[in-house]
Amino acid sequence: MHSRAVLSGNSPLHHAFRSPANSFLPRNTTPRGCGEPGNTVGGHACHRLRCAAPAAPSMKARLLEHSAQMALVDLLTTMLVTAATGGLGAQSPLHPPRQALAAPQPRRLFVRRIDLINGRMPASSVAVAASSSGNLASATAATASCQLLASMQQLPERYRGLLLDQFGVLHDGEKPYPGAIEAVKQLAARGCKLVIISNSSRRSAGALGNLERMGFPPSCFAGAITSGEVTHRHLVERPDGWWAGQLGRRCLHFTWAARGAISLEGLGLEVTTDPFQAEFILAHGTEALGTSTDGSAAKPCSLEHMKQLLGECAAAAAARGAEPPPMVVANPDVVTVAGSELRVMPGTLARHYASQCGGRVVLMGKPAPVIYREALAMLGLPAEATLAVGDSLEHDIGGAQAAGVASVFVLGGIHAGDVGLQGGAGAGAGGHSFSEQGLAAACAEHGVALPTFVLPFFSWQ
């Protein structure tokens, strides 16, 4: 039997038990490969959000999927080592020696990822370790330390500052979620300082402008920091020896097409489409290949062709007896919500480059500490009074835990299917339930401790 948490309108939350349709094994949230029939939108991989528990897959399918997920963990570790350093400073080198990584321990793979992110063992790591080896009973029991909220109105008043994710929390990329605008207004009226922290490849001013167009009052926000803004600042300032002397100026630029290409003007960069000439790779998007610094002539490019170009970059470097050129990732998300679908993001390319090409990846957004340093400085509050709200376990929850702040995990975003969420946005108090075991499995899969709070959707009622 699996437990399902039922979120009621009252503060005391009760539980109902029923036999779930979903498997006990963790399910991978990453969409299937680009190019599979019936699995592309605009040439890019995506799949629809699942808001009800899906039918149970066959045992063979579950075992194959579980094996694939376990194989991904060590690949992601390479990226997270760089993310853990924040990409700055001689005392936190961008590129730790690869031989320093210990060989993976099969029953502690997910805990090893947590160690690399946090530099310490979180309180619930024992439960996470048990989950990674298939014993989810202990992990499910640990949900007792994860408080369930029916709405943001139940948030304890000791939290005076919130770091808010955008996509999957405030809106679906196209329109606000029901009740999200009211929640922002009420939290601001309560005296909470609200700062947007987003893995958007665009600059911060654009994020606030987009929220205003959706109906969010700009006066409610103390500011915004995006991974695109952090990337821009580092490329302008070149703050240390690696950025100033080793990164280079000639880049292969992955950008957007339908969403609008991103300009590199004022950064002192030269854009090339020749992987043999690229000194580094700059990943802003997954739709086009940049051909000029002003972004006016971006050439549509499929995800598979981008992966091919990455392979050519690595091969060209190998032919010269050199390491593959580094990849700077302006948006580390693997997928994001786009209406009722999930759309592939630059983090997918980063995973491919690290795992298949042996390239070094520098993450400029969540979960890397570099973006949290800027967000917390903007907020100006102690960590114990700060709360991060997001829908990605790997990026939002993992990043918050690494930064030492409490977190709210929004169930209705990219992990809705993994946690078996029932009841859509706007269902109201008591209209949602989810699988506690599914939550424990998802946390284990992504190598994070359980969040401080769990919330179906970001709303006030």
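**View 1. A salt-bridge network of four side chains.** In this predicted model, Arg203, Glu229, Arg233 and Glu374 are linked together in a network of salt bridges. The whole structure has 10 salt bridges. Another one pairs Lys175 with Asp172, at 3.1 Å from N to O.

View 2. Start with Arg351 and Glu394, which form a salt bridge whose closest N and O atoms are 2.7 Å apart. Arg351 belongs to helix H10 (residues 346-356) and Glu394 to helix H12, so this pair ties together parts that are 43 residues apart in sequence. Both Arg351 and Glu394 are buried. Then look at Asp396 and Lys366, another salt bridge, with the closest N and O atoms 2.6 Å apart. Asp396 is in helix H12 and Lys366 is in the loop between strand E17 (361-363) and helix H11 (369-379), so here the parts tied together are 30 residues apart in sequence. Asp396 is buried, with a relative accessible area of 6%, and Lys366 is buried too, at 2%. H12 itself is mostly covered, with 9 of its 11 residues buried; among them are Leu393, His395, Ile397 and Gln401. After H12 comes Gly404, with a positive phi near 80°.

View 3. Asp391 lies in the loop between E18 and helix H12 (393-403). Leaving aside neighbours within four places in sequence, the residues in contact with Asp391 include Asp165, Phe167, Asp396, Phe409 and His415. Val408 is 17 residues from Asp391 in sequence, and their C-alpha atoms are 8.4 Å apart.

**View 4. The parallel sheet.** Here 7 strands make an open sheet, in the order E5-E21-E19-E18-E6-E7-E8, with parallel pairing. The edge strands, E5 (147-148) and E8 (223-226), each pair on one side only. Zoom in on E6 (residues 161-164) and E18 (residues 386-390), which pair in the parallel sense over 4 bridges. Within that pairing, Gly161 has Thr386 of E18 as its bridge partner.

**View 5. The largest nonpolar core, around Phe254.** This core has 51 residues, and Phe254 and Met327 touch the most other members. Helix H9 (residues 303-319) gives the most to the core, with 6 residues. Apart from this core lies another of 36 residues, including Met152, Leu155, Leu187 and Val410. Back at Phe254, what does this residue touch, not counting residues up to four places away in sequence? The list includes Ile281, Leu282, His284, Met306, Leu309, Leu310 and Leu349.

View 6. How many disulfides does the structure hold? The count is 0. For Cys357, the nearest cysteine sulfur is that of Cys313, 8.5 Å away. Cys357 is buried, with a relative accessible area of 16%. The sulfur of Cys443 has its closest cysteine sulfur in Cys146, at 7.2 Å, which is too far for a bond given a cut-off of 2.5 Å. Cys443 is also buried, with a relative accessible area of 1%.

Technical notes. Residues are numbered from 1 along each chain as its sequence is written. This is a predicted model: local features need pLDDT of at least 70, side-chain atom pairs count only at pLDDT 80 or more; totals for chains, interfaces and linings use all residues. Side-chain values use heavy atoms; hydrogens and water are left out. Two strands pair if DSSP finds at least two bridges between them. Helices (H or I, at least four residues) and strands (E, at least two) are DSSP runs, numbered from the N terminus. Buried means under 20% relative accessible area, exposed over 50%, partly exposed in between (1.4 Å probe, protein chains only). A nonpolar core is a set of buried Ala, Val, Leu, Ile, Met, Phe, Trp, Tyr and Cys residues joined through side-chain atoms within 4.5 Å. Contact means heavy atoms within 4.5 Å.
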